[in-house]
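Open the model in your viewer and keep the selection panel at hand. The tour goes strand by strand, then into the core.

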Amino acid sequence: MARRGFTLIELMAVLGILAILAVLATPLYTRYSVGSHRAMAQADLLRCAQGMERHASLRFSYRSAIDSDADGIGDLDAGSVTPNVCTPTSTQYRIDLVESGIAGFLLRARAARPGNAVDGDGDLALDEAGGRFWDRDGDGDFGPGEDRW
């Protein structure tokens with residue numbers, strides 16, 4: 001009579017192989033996930049820059065683009081972007097207008113919550129001239145070598 005089934009050693013070997021694969025795959029998946037969230041934030045920054053350009057074409061200035069009271073009219077020079085500028089799609093990043101003036105602006109994407117998937121990946125920024133910045137070392141400023149995505 002033939003025996004069916006697996007021995008305990010065979011099952012343990014399969015579980016060991018699966019554990020090794022999980023250990024190898026988890027960092028790769030995390031890196032891929034963070035990269036895709038970063039790409040979404042970059043697209044949001046570009047979309048918000050278009051909104052800032054629309055605002056400037058109507059007002060001849062980048063000032064007062066943020067609509068703090070939801071009346072459809074911009075009234076702040078800085079703050080989280082509002083729908084009159086753009087509607088971000090990223091859930092991991094928060095898009096802020098850091099500064100705006102007559103001739104320029106700076107948009108910044110930061111981790112939406114401490115401890116989320118992109119926390120520690122560094123902030124992204126975009127200015128009126130199309131300058132793209134990525135704070136790779138997470139020190140809070142854009143130093144040498146951090147002038148492009």
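Which residue of β5 stands opposite Leu126? Select Arg132: this β5 residue faces Leu126. A note before moving on: this is a predicted model, where local features need pLDDT of at least 70 and side-chain atom pairs pLDDT 80 or more, while totals for chains, interfaces and linings use all residues. Residues are numbered from 1 along each chain as its sequence is written, and side-chain values use heavy atoms, without hydrogens or water.

Next, show β4 (residues 124–127) and β5 (residues 132–134) together. They pair in the antiparallel sense over three bridges; pairing requires at least two DSSP bridges between two strands. Strands are DSSP E runs of at least two residues, helices H or I runs of at least four, numbered from the N terminus. Four residues lie between the strands of this hairpin, and Gly130 has a positive phi near 90 degrees.

β3 pairs with β4, antiparallel, over four bridges. Pick Arg108: its bridge partner in β4 is Ala125.

Colour β4 by face. Side chains in a regular strand alternate between the two faces of the sheet. Leu124 and Leu126 lie on one side, Ala125 and Asp127 on the other, and all are buried (under 20% relative accessible area, 1.4 Å probe, protein chains only).

Finally, select Met52, Val85 and Leu107. They have the most contacts inside the largest nonpolar core, which has 24 residues. Such a core joins buried Ala, Val, Leu, Ile, Met, Phe, Trp, Tyr and Cys through side-chain atoms within 4.5 Å. α1 (8–59) gives the most, seven residues. End on Leu107, whose contacts (heavy atoms within 4.5 Å) include Met52, Leu124 and Leu126.

Key: Buried < 20%, exposed > 50% of the residue type's maximum accessible area, 1.4 Å probe, protein only. Lists of a residue's contacts leave out its neighbours within four places in sequence.
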